[in-house]
2 protein chains.
Amino acid sequence: MNERSHYRSAGVDVTAGEEAVRRIQPWAQHTFRPEVIGGLGGFAGLFRLPQGVTDPVLVAGCDGVGTKLAIAEALGSWETVGIDLVAMCVNDIVTVGAQPLFFLDYIATGRLDPEAIERVVASMSRALSQIQTALLGGEMAEMPGFYPVGRMDLAGFAVGVVARDQILDGSAVQPGDWLIGLPSSGLHANGYALVRRILVEQGLRYDDVVPGIGLLGEVLLTPTRLYVHALQEALRIGGVHAAAHLTGGGWQGNLPRVLPQNCCAHVQRTAWEVPQLFWKLSEWGGINTEEMFATFNMGIGMVLLVDAQAAEAIMVRLADSGEEPVMLGQVEKGPRGIRWEE
Amino acid sequence: MNERSHYRSAGVDVTAGEEAVRRIQPWAQHTFRPEVIGGLGGFAGLFRLPQGVTDPVLVAGCDGVGTKLAIAEALGSWETVGIDLVAMCVNDIVTVGAQPLFFLDYIATGRLDPEAIERVVASMSRALSQIQTALLGGEMAEMPGFYPVGRMDLAGFAVGVVARDQILDGSAVQPGDWLIGLPSSGLHANGYALVRRILVEQGLRYDDVVPGIGLLGEVLLTPTRLYVHALQEALRIGGVHAAAHLTGGGWQGNLPRVLPQNCCAHVQRTAWEVPQLFWKLSEWGGINTEEMFATFNMGIGMVLLVDAQAAEAIMVRLADSGEEPVMLGQVEKGPRGIRWEE
């Protein structure tokens, strides 16, 4: 019995690990930028800092996909969760004005399935290629007994850079700033423990088709949108004071985070149409509107707080670049928080 | 029913999350360096690049602790796995000559236990403080149903910096270089699936005391050593051509990675005393010596490949700094690999 078979009898498949590495390498290489030094296979990933950023500040974010992964597992559908992973991380780092540089992933599983791993990494690679971000490395952990066969957890880690005097720290936010919303693609990757409980209680299955919503499994696996390009477009115009990524905790949990103490976000709920999925969840779960807005993104994944002078130009630029920006309301004086207008 | 209780009934405890955040914040702040901008609580962590590094190259590594976590879980002992997590990541990035800057962690669990989370983060914080590395952020994911209650998975991400002309890429390695070994503290965080299977087969329990080894659970949870200071000491002398972190795959899987094609590592097995634990595992598992060296670190966690001219001075400097460096052998001409001398 050699080392591999010893390890295999303990539930760790070295050959599968090698096959998985062979399968994912081209997907990583596909994302490489000229700054990547030395390729894969070293103990660490190397990335040369881009020239021309004055007083560079590194910006880092870490996130997972949560129990959205349980739906991917139930459906054996691994084509989109890698997009979620990338988006959850990079959408966080762009809120401070950073340009994403590279990404690393952690994949943990009960039994290495090279094909499933490849599908996950391919989906990360597609998302990363879109935003010129390198997949610089990662860890693939086979943990027999710790995870059931077929289960995968994912963690992602994104690093970007911003010039120190370009950091969006919210300090410039002032009454009169416009609130510009960028539509989400659905739930993104938050609130799934609650969503799954609601479905169970309602006796709904992922292969059910719900009128006005569609095939449940497909709708629930819709990948998180990437806001990198939209932020870049807005930053080119100038006048962006802050950005809030509406993730766990929904509106209440995220929008006030970028407001100064004496500023309130005055938001018109009629400014956009909340997708049917959210209202159905509200109805099924008996969750009132206020609670819904404190849990989910309700159709808006990112809010930009921009100078009133620049707002119109930013709206136009975003629309020209294919976004569908929504004028949500304005910042006004008042206790830090959200003031809803029906 | 408010949002929190809705979420709690779905298995997500928002209050526990807040308590966990409150408990871990001081531990993170304890690691902060002057380069950290803005503190915790933002969407991303910000870290000003240190001045004075010419043509800076960012170095990133990602790792987990593997099924060593199953032992921590079985014993409810969360005081050391955070050290493992930090060490597994930073030991990787220092192999290319990087100075660690910051670290992020991902903690996933079935039910948030603020006290257990605090113990894990406190152990990370202690390790990070030792090596002047900031805990810049992280993600705490409560995933009911996905993880059993009491289970925690950990992933870590470390970022460092190195001047481009100071990268240790192994290209300078040449015949005549000395191989200097730095002792490990035990298994570090590799091979635990195999170790656990062996223990089960032998009917051994974590609270068994094995003569010559000690209390099994304690020995198996001995945290991974940090090699950051040792590397820094050696780099100050100069003449370091490469470093190999002996992790998964043991000697065979890691030492050849830093050798040029025409170079072979000639290692004397008698140069150091392999700790009893490894021989016991070999005996219990019926694993021969060759296989052991291709799976475990066998008592040496890091190997430095250094210029013969500098080797003596590096050995002295390491010893002066409290290390116990071992002269393992030398690089010689030959097919890339390890040539063992008994």
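## Helix H6 of chain B

Helix H6 of chain B spans residues 192–202, and eight of its 11 residues are buried, so the helix is largely enclosed by the rest of the structure. This description rests on a predicted model. The buried residues of H6(B) are Tyr192(B), Ala193(B), Leu194(B), Val195(B), Arg196(B), Arg197(B), Ile198(B) and Leu199(B). Buried here stands for a relative accessible area under 20%.

After H6(B) comes Gly203(B), which has a positive phi, near 70°.

## A sheet with strands from both chains

Six strands form an open sheet with mixed pairing, in the order E1(A)-E2(A)-E3(B)-E6(B)-E4(B)-E5(B). At its edges lie strand E1 (36–37) of chain A and strand E5 (134–142) of chain B, each of which pairs on one side only.

Within this sheet, strand E4 of chain B (residues 99–109) runs antiparallel to strand E6 of chain B (residues 152–163), and 10 bridges join the two.

## Helix H5 across the strands

Helix H5 of chain B, residues 114–130, lies across E4, E5 and E6 of chain B. Relative to E4(B), helix H5 runs at about 170°.

## Relation between the two chains

Chain B is superposed on chain A by a rotation of 180° with 0.0 Å of shift along the axis, giving an RMSD of 0.0 Å. That is the relation of a two-fold axis. The same surface serves both copies, as 100% of the contact residues of chain B recur in chain A.

Terms used
Residues are numbered from 1 along each chain as its sequence is written. Chains are lettered from A and ligands numbered from 1 in the order in which they are written. This is a predicted model: local features need pLDDT of at least 70, side-chain atom pairs count only at pLDDT 80 or more; totals for chains, interfaces and linings use all residues. Side-chain values use heavy atoms; hydrogens and water are left out. Copies are superposed by least squares on the C-alpha atoms of residues with pLDDT of at least 70 in both. Contact means heavy atoms within 4.5 Å. Buried means under 20% relative accessible area, exposed over 50%, partly exposed in between (1.4 Å probe, protein chains only). Helices (H or I, at least four residues) and strands (E, at least two) are DSSP runs, numbered from the N terminus. Two strands pair if DSSP finds at least two bridges between them. Axes are lines fitted to C-alpha atoms, for helices over the stretch in contact, and angles run from 0 to 180 degrees between N-to-C directions.
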